[in-house]
Amino acid sequence: MDVFLLIFAATLLVAVLFSALAGRTVLSAAVLFLVVGFVIGSETTGILEFDSSSPEVSAIAEIALFVVLFTDGMKMGWPDLRRAWRLPGRALGWGLPLTLAITAVLAHFLLGLGWAESLLIGAILAPTDPVFAAALVGNMRVPQRLRELLNVESGVNDGLALPFVVVFLAVSSGSDELHLGELGLELLAGTAIGIAVPWIVIKALHTRVFAAAGVFEPIVPIAIGLLVFALSSYTHANLFLGAFAAGVTVATVGHKEREAFEEFGEIISELLKLLALMIFGALLSFKFLGEIAWTGWVFAILALIAARPIALAVSFVGSGLSMREQLAAMWFGPKGFASVVYVLVVVSAGIPSGDLIFHIVALTIALSIIAHSSTDVIVARSFTEPEETPAWQGPPPRL
């Protein structure tokens with residue numbers, strides 16, 4: 001573990017030192033952590049002795065996804081969603097289920113999986129992650145509505161895809177109706193805890209009796225998150241829906257608490273994402289990739305270049321988006337952190353087809369990280385008008 005922490009710290013420092021260069025080139029911190037993880041994995045150099053069933057992997061993934069869903073939810077209070085719902089609503093209401101369905105059809109016919117397992121793969125790969133397309137989302141020359149669309153969609157779709165993952169996983173494992181009923185109660189309990197805890201705490205802080213001051217202000221959301229995590233674990237409620245619901249509730253009723261925590265929450269979330277990416281990379285190897293049949297590679301490629309583009313093409317009919325905006329949104333549906341954690345949950349569940357699902361999903365995520373992280377700057381530059389000087393070139397020389 002000491003060696004792993006040393007490698008993670010050194011990789012993080014390299015990412016920081018080259019972050020400015022990465023912001024204007026095809027270099028990417030996500031790819032860096034993925035590659036370093038690949039190199040130190042147990043089947044490559046053996047420096048890191050993790051595998052997909054290691055309890056450390058599951059624990060890190062569970063905690064990391066809880067934090068990410070909590071911070072993602074905090075970006076999307078109900079007022080924010082109402083203001084910016086028109087285009088993201090198309091992507092989430094139509095694009096998400098269509099992407100899930102098209103991916104499931106590809107998995108069923110190319111991989112020969114049953115419909116429950118195919119739908120499970122579709123649910124795992126449906127969420128998107130804007131971290132791997134940062135140059136596009138953060139570039140001010142990219143139309144605001146496109147940046148807003150990708151931000152809102154990616155912030156919400158992790159939580160929306162989660163119930164489908166849990167249900168299809170339960171069906172794939174052979175659960176009967178009683179177990180599915182218990183599953184429904186877990187989902188409802190997680191949502192209820194995620195709404196009730198922050199609402200009660202923040203409403204109490206807005207009375208004359210209680211108040212958070214100074215350094216304790218940004219700790220309020222941390223305390224809320226820890227309480228939601230503890231209550232959900234103790235009552236066997238769904239942790240992840242609890243996290244997302246808690247984040248949305250804080251954003252809705254606690255604007256002051258949201259602002260105090262925002263920067264700190266982003267830092268912690270990104271660090272945990274990079275940590276999980278390195279561990280995910282360590283689960284891959286040349287042997288691992290060689291075990292995937294050619295049909296699996298065809299599926300992974302089509303999942304990236306066909307499933308989301310077709311789904312969003314249908315969703316954007318009559319939307320008013322230009323063709324360039326539509327193409328950018330269709331391409332930038334990177335499979336990221338949530339998909340990594342969801343597939344690790346599937347592996348830990350021990351379903352019969354779990355190993356095959358892990359191989360296929362891991363390949364798709366790895367290809368997505370490489371492809372999307374390496375093309376975001378290029379696509380962002382395409383939105384720069386010819387007569388303008390691109391920001392990445394700096395100011396024009398003085399005559």
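Modeller: What follows is a set of questions and answers on a predicted model.

Biologist: How many helices and strands does the protein have?

Modeller: The secondary structure consists of 19 helices and 0 strands. Of the 399 residues in the protein, 51% are buried. The accessible surface is about 18300 Å², and carbon and sulfur atoms account for 69% of that area.

Biologist: What share of the contacts in the protein joins residues at least 24 apart?

Modeller: The share is 82%, taken among contacts between residues at least 6 apart in sequence.

Biologist: Why is Leu125 called buried?

Modeller: Its relative accessible area is 2%, and buried means under 20%, so Leu125 is buried. Leu125 belongs to helix H7, which covers residues 115-125.

Biologist: Which residues does Leu125 contact, leaving aside neighbours within four places in sequence?

Modeller: Leu125 is in contact with Thr103, Phe299, Lys335, Ser339, Val361, Thr364 and Ile365. A contact requires heavy atoms within 4.5 Å. As for Gly333, 208 residues separate it from Leu125 in sequence, while their C-alpha atoms are 9.8 Å apart in space.

Biologist: Helix H11 next. What makes Ser232 buried?

Modeller: Ser232 has a relative accessible area of 1%. The limit is under 20%, therefore Ser232 counts as buried. Ser232 lies in helix H11 and touches Ile193, Ala237, Asn238 and Leu239, with residues up to four places away in sequence not counted.

Biologist: And how do you know whether Ile224 is buried or exposed?

Modeller: The value for Ile224 is 2%; exposed would need over 50%, and buried needs under 20%, so Ile224 is buried. Ile224 is also in helix H11. Not counting residues up to four places away in sequence, Ile224 touches Val197, Pro198, Val201, Ile202 and Val250. Between the C-alpha atoms of Ile224 and Ala243, which are 19 residues apart along the chain, the separation is 9.7 Å.

Biologist: Why is His236 called exposed?

Modeller: His236 has 61% relative accessibility, and exposed means over 50%, so the label applies. His236 sits in the loop between H11 and H12. The phi angle of His236 is near 60°, a positive value in a residue other than glycine.

Biologist: What is the volume of the second largest pocket?

Modeller: The second largest pocket has a volume of about 720 Å³. It is lined by 29 residues, and those closest to its centre are Val166, Glu186, Asn238, Phe240 and Val345.

Biologist: Which helices supply at least two residues of that lining?

Modeller: They are H4 (55-74), H9 (144-172), H10 (177-205), H11 (219-235), H12 (239-253) and H17 (337-349). The largest share, 6 residues, comes from H17.

Technical notes. Residues are numbered from 1 along each chain as its sequence is written. This is a predicted model: local features need pLDDT of at least 70, side-chain atom pairs count only at pLDDT 80 or more; totals for chains, interfaces and linings use all residues. Side-chain values use heavy atoms; hydrogens and water are left out. Helices (H or I, at least four residues) and strands (E, at least two) are DSSP runs, numbered from the N terminus. Buried means under 20% relative accessible area, exposed over 50%, partly exposed in between (1.4 Å probe, protein chains only). Accessible areas come from the Shrake-Rupley method with a 1.4 Å probe; for residues, only the protein chains shown count as cover. On a 1 Å grid over the protein atoms alone, a cavity is a set of points where a 1.4 Å probe fits but cannot get out, and a pocket is an open set with protein on both sides within 12 Å along at least five of seven lines; lining residues have an atom within 4 Å of a point. Grid points are joined across faces, edges and corners, and a volume is the space filled by probe spheres set on the points.
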